[in-house]
Amino acid sequence: HMLFIVALLLVSSSFWSLAKILTGFTIAHSITLVLSALSVIVLDNRIVDIFIAASIIYVGLENIFWKGAEARRFWIAAAFGLIHGFGFSY
């Protein structure tokens, strides 16, 4: 999880950008963590682990190959935050 956060923050150019990225990730992460902990949504932990690994690879590749990544980084952080929330619930 920490590697994912570091990869997300590498392209940030300002404090405001950092705050938006972390907020998007934290809100989404918290939503799925609560839903999973309360057994509202239950996913197989092997699938969650695969998606978490894939999200780290995706963000790393995005950092290398796509230079305009910061503009959409909030939405990437929020989308992958949903997946990462399931990871902490197991």
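Is Ser 39 buried or exposed? This is a predicted model, and in it Ser 39 has a relative accessible area of 52%. The cut-off for exposed is over 50%, so Ser 39 counts as exposed. Select Ser 39 and you will be in the loop between α2 (15–37) and α3 (45–65). Check the backbone there as well: phi of Ser 39 is near 60°, a positive value in a residue that is not glycine.

**Salt bridges**

Next, display the charged side chains. The model has three salt bridges.

Begin with Arg 46 and Asp 44, which form a salt bridge with their closest N and O atoms 2.9 Å apart. Arg 46 is exposed at 60% relative accessibility, while Asp 44, at 31%, is partly exposed.

Now select Glu 62, Arg 72 and Arg 73, which are linked in a network of salt bridges. The side chains of Glu 62 and Arg 72 meet at 2.9 Å, N to O. This pair joins distant parts of the chain, with Glu 62 in helix α3 and Arg 72 in the loop between α3 and α4, 10 residues apart. Glu 62 has 0% relative accessibility and so counts as buried; Arg 72, at 33%, is partly exposed.

Stay on Glu 62 and turn to its salt bridge with Arg 73, where the closest N and O atoms are 2.6 Å apart. Here too distant parts of the chain are linked: Glu 62 belongs to helix α3 and Arg 73 to helix α4, 11 residues apart. Both Glu 62 and Arg 73 are buried.

**Helices α1 and α4**

Select residues 2–9 for helix α1 and residues 73–88 for helix α4. How do the two pack? Their axes lie 11 Å apart at an angle of about 175°. Angles over 145 degrees count as roughly antiparallel, which means that α1 is roughly antiparallel to α4.

Show the side chains at the contact. From α1, pick Phe 4, Ala 7 and Leu 8; from α4, pick Arg 73, Ile 76, Ala 77, Phe 80 and His 84. Six of the contact residues are nonpolar, one is polar and one is charged.

**Last stop: Met 2**

Finish at Met 2, which lies in helix α1. Its relative accessibility is 63%, so Met 2 counts as exposed.

Definitions and conventions. Residues numbered from 1 in each chain as written. Predicted model: local features only at pLDDT ≥ 70, side-chain atom pairs only at ≥ 80, totals over all residues. Heavy atoms only, no water. Axes fitted to C-alpha atoms, helices over the stretch in contact; angles between N-to-C directions. Helix = DSSP H or I, 4+ residues; strand = E, 2+ residues; numbered from the N terminus. Parallel < 35°, antiparallel > 145°, perpendicular 65-115°, else oblique. Contact = heavy atoms within 4.5 Å. Nonpolar A, V, L, I, M, F, W, Y, C, P; charged D, E, K, R; others polar. Buried < 20%, exposed > 50% of the residue type's maximum accessible area, 1.4 Å probe, protein only. Salt bridge = Lys/Arg side-chain N within 4 Å of Asp/Glu carboxyl O.
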